[in-house]
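Here's a quick briefing to read with the model open. Take a look at the fold, then go through the notes below.

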Amino acid sequence: MARKTDIPPSYYGEPRNFDPSFRGPIHNRACTDVLCCVIFVIVILGYIALGTVAWIHGDPRKVVYPTDSHGQFCGQQGTPNANKAILFYFNILQCANPAVLINLQCPTTQLCVSKCPDRFSTYLDMQYNYRYNKSYWEYYRQFCKPGFDNPRKSVAHVLRDEDCPSMIVPSRPFLQRCFPDFITRNGTLTVANKTDFKDGLGKTRSVIDLRDAANGITSLLDAKEVGMKIFEDYASSWYWILIGLVITMVVSLAFILLLRFTAGVLLWLIIFGVIAVVGYGIWHCYWEFSTLRGKPHSDGDVTISDIGFQMDFRVYLQLSQTWLILMISLSVIEATIIVILIFLRRRVRIAIALLEEGSRAIGYIMSTLFYPIITFVLLAICIAYWAVIAVFLVSSGDAVYKVMSTQDKCMYANLTCDPETFSQTNVTTVCPGSQCTFAFYGGESLYHHYIFVLQLCNLLVFLWLVNFTIALGQCTLAGAFASYYWALKKPQDIPSCPLFSSFSRAVRYHTGSLAFGSLILALVQMFRIVLEYLDHKLKGAHNAFARFLICCLKCCFWCLEHFIKFMNRNAYIMMAIYGKSFCTSAKDAFFLLMRNVVRVAVLDKVTDFLLFLGKVLISGSVGVLAFFFFTRKIPVIQEEVPSLNYYWVPLLTVIFGSYLIAHGFFNVYAMCVDTLFLCFCEDLERNDGSPLKPFYMSPQLHRILRREQGSKLYAAS
């Protein structure tokens, strides 16, 4: 059999001998990597058990509802706080950071209330007015501790026992917490039209102090208002957004089906377009260079080294040396492209033929275009289950209380305490103003000590399941497209329901192999996440060597992850065809690719570039259409355009959604081309085109191959 490869086979294994009984994906196969399958099933059962344990110990209400200083939920039904869904801070001035507020770490008493204050008042003012009007106390008492009903108690004792706040300020709820109601009038920050207020301790404070205490809250409130407007835009434009996404699906499908007729023309137009653009760049650089050289008393003779580094890069454009360097660089790129095209033109033609064949294969097996929906549903289940377990693990444990002090040097600060016995200790004597407030949820049991480890396990299994879902999809699609390629007479010999048959084979025989490959990738991704965490922790460190080492490791693991993804993808293709184990399939795929390394490089880059162009073309075209529609620039349908606060909300949604839809369709196409390419390489090594060993490739591929073989024979003679 004549050799069809470019590298001696002894380097990367021997080609397969002809097997007259081979007719595509093997149906009579056995289970592979059974041990990995058993481990995978055990891990899934353990994952279910982890979810059950987290569900027993966790309480998502701890995340949903704010918690007062006594660890009680605000707004929880069946409790005294059922009608008190908002958290109120006795002295918000003691809270220096909004993150402290949201995390319930502010060193002041926190109380559940039914509504936020709507006026300025102090406890002293209330006591003074109480003598004339009892309603002042009725209003003020709703912000005091439950059960406190002594408006005549001295201010000093009230503040010491934290019975009532020293002051209240007009507030409004945000994130179920009362924050000052800031309003800017004529450039001046006000609260209830006031710029200052009494703090109840004999001082007059500026509203600026409230702003500093709740720094960033005003921007969050503005963000909430913007969010409401965005929600309104979605509510009024969702119908048109859906129409835009449906148009994207139709255009993506049509684009893939038309590639069988336009792939060659489109690719050659792109190639010659790049050559023309680079050629124009060379001419422009030469024109700028000669113009600067010809000007008397210009900067043409000044070199880059003379001026050194400049922040304004426009300075370099005034130098003739800059344009000379650019001209030489572009000339090298142009020459490289032309030389590659001259020597690899037949490889490019084979790549184009495979792209056209891929479009033809999808046309015969249209069901493959809808398989990404199954993958999407499975991924959504994995993500939802992981998120639920993470929330339940975070909310596991009992309420933990810590001493919160306004004094920086308090020796008891951040120590655990018991709110029931806190008043009997000497902490308030040593650290005046200290509070025993709720801090977080935790515990001392073995389960609580290993919650962090369980979160890591949750993340690892999540990555494993996600990669397994993707691997299952790749193996299923590969089996379906291999059934198309190895049909001698297309489409008559294509088996019925090839996608369902391939899915059944993958699940029944190769669950262990798919789990093995996805576990390797999940471990690498886990290492990358750990490295990202370490890099984040070391950002403020001054250890340059440690940061350099982390950076190098991140780069290495990034390369390793992409290499494993490439090898897994091709291993799943070989597995779908021959039904062998993961390691054997990976080895066969690696050797086959190395025996056709030039074809691999050309096809991979050509396919990636063409599909990327298709994604940008489709999402960009639909985006332009959506832009003209939502900005009322299409006269025919101006009356149908909904009234919007921000037209860019539906516009960006359509563009992003269009890109995702095109990406889903084109991923199927990319898998089809990769599968057909490996089948093509196998076909070349198994068969020679004779009546006894006919090629299974399409007539177009056969013609291109015959020309390539004729050229090689002519060159050899």
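A residue is called buried at under 20% relative accessible area, exposed at over 50% and partly exposed in between, using a 1.4 Å probe on protein chains only. Helices (H or I, at least four residues) and strands (E, at least two) are DSSP runs, numbered from the N terminus. This is a predicted model, where local features need pLDDT of at least 70 and side-chain atom pairs count only at pLDDT 80 or more, while totals for chains, interfaces and linings use all residues. Residues are numbered from 1 along each chain as its sequence is written, and side-chain values use heavy atoms, with hydrogens and water left out.

**Strands S1 and S2**
- Strand S1 (residues 86–89) is covered on both faces: Ile86 and Phe88 are buried on one side, and Leu87 and Tyr89 are buried on the other.
- In a regular strand, side chains alternate between the two faces of the sheet.
- S1 runs antiparallel to strand S2 (residues 110–113), and 4 bridges join them; strands pair if DSSP finds at least two bridges between them.
- Across that pairing, Phe88 sits opposite Leu111 in S2.

- Thr122 belongs to strand S3 (residues 121–122) and counts as buried because its relative accessibility is 4%.
- Its side chain makes a polar contact with the side chain of Asp125 at 3.0 Å. The term covers a pair of N or O atoms within 3.5 Å; within protein, one must be able to donate a hydrogen and the other to accept it, and residues adjacent in sequence count only if both atoms are side-chain atoms.
- Tyr130 is in helix H4 (residues 123–130) and is buried, with a relative accessible area of 14%.
- Setting aside neighbours within four places in sequence, Tyr130 is in contact (heavy atoms within 4.5 Å) with Trp137, Pro151 and Arg152.
- Tyr130 and Pro151 are 21 residues apart along the chain, and their C-alpha atoms are separated by 7.9 Å.

**Helices H1 and H16**
- Cys36, Cys37 and Phe40 in H1 (residues 34–57) meet Thr511, Gly512, Ala515 and Phe516 in H16.

**Positive phi values**
- Asp33, in the segment before H1, has a positive phi of about 50° although it is not a glycine.
- Cys497 also isn't a glycine, and its phi is positive, near 50°.
- Cys497 lies in the loop between helix H14 (451–485) and helix H15 (498–509), and at 53% relative accessibility it counts as exposed.

Key
Axes fitted to C-alpha atoms, helices over the stretch in contact; angles between N-to-C directions.
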